Amino acid sequence: MPMPRRALFAAAAALVLPLSACGSGGGGGGSTDASGKVEGNITFETWNLRANFTPYFQGLIADFEKKYPGTHVKWIDQPAEGYADKLSADAAGGTLPDVVNVSPDLVAPLARAGLAMDLDKAAATYKSEYLAGAWASHRIPGMSGTYAFPWYLNTGPLFYNKSLFTEAGLNPGRPPRTYGELFADALQMAKKSGGKVATLANVPTIEDFGRYGVPLMNRQGTAFAFNDAKGVELLTRYKELYDARALDPQALTATPESSGKKFLTGAVAMNPGSALDLDNFKKNAPGLYKNIGITDQITSTGHVNMYVMGVMVNSRTRHTPAAVAFAHFVTDAQNQMSFAKKVAIFPSTAGSLSDPYFTKEDGTDETRVRIAAATSLKSAVNYTPVLFSDQMKTALRNEVAKALQGKESPEEALDNAVKAADRLLQQG
């Protein structure tokens with residue numbers, strides 16, 4: 001599991017699956033009836049977790065096999081690079097494991113190929129154990145059903161520089177929470193600093209459109225919709241920031257690393273981050289560390305964005321009761337809580353985020369960030385459409401850049417971005 005977690009949550013390449021592909025059980029589809037005896041040999045595949053968490057997963061499997069005598073779980077772990085291609089090859093070759101670690105974008109083509117079990121049918125009794133937003137994250141537009149158990153979550157609070165807010169005449173104890181407040185504060189900060197201090201260092205992404213309240217796709221999942229009036233409004237406001245230097249001039253080519261450096265030097269007033277960044281501030285920018293503020297992501301919907309990992313059950317498994325029971329076991333409250341204490345992730349199970357581990361301050365930076373993130377996750381939403389690929393993200397970013405530079409109007413840019421995304425969607 002590489003750190004930071006962004007690498008695992010990045011959308012992977014689209015899978016190309018023949019609809020006739022069969023699962024690891026061989027010929028014939030499996031049953032969605034998970035009510036029978038939990039027994040048999042199953043395979044479990046994870047995504048780049050063996051290097052750091054072998055003892056955890058060995059213990060997890062041993063506990064499951066002890067709870068259900070007559071079961072045996074074979075654990076397979078794949079490297080991060082090429083994971084989507086590996087799933088595609090296994091699906092096409094009929095060797096897809098019984099239980100598979102997936103992200104929403106990876107489960108979508110598997111579900112469309114009939115290889116992901118509908119848990120609304122096979123495991124509906126467990127639905128109430130999970131946060132509503134997490135359970136919904138593995139639903140596929142245009143299809144009914146839920147196609148993976150939600151596993152671990154992540155999100156990131158925003159850091160802000162209190163001294164820069166004070167210098168701009170803004171209240172350092174009340175950072176912006178909505179996009180309207182953000183735009184007003186950013187323009188004031190740019191004006192007060194003579195354009196030397198930008199509030200943001202990144203252009204709007206598909207998640208920003210979601211948090212602004214823009215509908216991202218139609219209900220059928222057949223076309224994108226973020227070029228509506230509200231989407232145009234958001235991009236128009238970002239152009240105002242860009243023209244006023246309230247959005248960093250280098251935002252068009254910014255990376256997380258370059259944005260972090262701008263924040264470190266005081267050229268940018270707000271930036272997403274983690275506990276690792278706080279430690280860096282303490283060592284390398286004590287003045288910033290002394291004035292650091294932590295707040296939620298900007299959102300006008302009342303819900304922040306979250307990233308989700310899931311555990312899918314192969315619809316062709318020969319051992320449906322065992323596969324469903326194990327997928328649930330991996331993601332139940334007790335085991336998710338245990339895993340969350342080993343790595344900086346958050347459980348998707350209802351009530352877990354109210355545990356003292358996520359609510360009680362102990363004076364450490366790591367805990368400050370953990371509590372802030374856990375609080376926002378209780379009602380978070382996965383805004384990234386499961387069908388929005390890396391190519392689509394690139395198309396959107398390119399069109400946003402043209403709008404900010406004045407080469408296209410915001411309307412033209414978003415119309416072009418939607419056309420490109422729809423074309424890629426049809427090709428997929």
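Predicted model: local features only at pLDDT ≥ 70, side-chain atom pairs only at ≥ 80, totals over all residues.
User: In what order do the three strands stand in the open sheet, and which are the edge strands?

Analyst: The order is β6-β5-β7, with antiparallel pairing. An edge strand pairs on one side only, which is the case for β6 (270-272) and β7 (292-295), and the twist from one strand to the next averages 30°.

User: Over how many bridges do β5 and β7 pair?

Analyst: Strand β5 (residues 158-161) pairs with β7 over four bridges in the antiparallel sense, and within this pairing L158 stands opposite T295 of β7.

User: Turning to helix α10, what span should its 15 residues have?

Analyst: At 1.5 Å a residue, the 15 residues of α10 (residues 229-243) should span 21 Å, and the model agrees because the end C-alpha atoms of the helix are 21 Å apart. After α10 comes R245, which has a positive phi, near 65°.

User: Which residues of α10 are buried, and what do they pack against?

Analyst: An α-helix has 3.6 residues a turn, so residues three or four places apart point the same way. In α10 the buried residues are G231, V232, L234, L235, Y238, L241 and Y242, and the buried residues of this helix pack against α8 (179-192), α9 (206-212), α18 (390-404) and α19 (410-427).

Note on methods: Residues numbered from 1 in each chain as written. Heavy atoms only, no water. Pairing = 2+ DSSP bridges. Helix = DSSP H or I, 4+ residues; strand = E, 2+ residues; numbered from the N terminus. Axes fitted to C-alpha atoms, helices over the stretch in contact; angles between N-to-C directions. Expected span 1.5 Å × (residues − 1). Buried < 20%, exposed > 50% of the residue type's maximum accessible area, 1.4 Å probe, protein only. Contact = heavy atoms within 4.5 Å.
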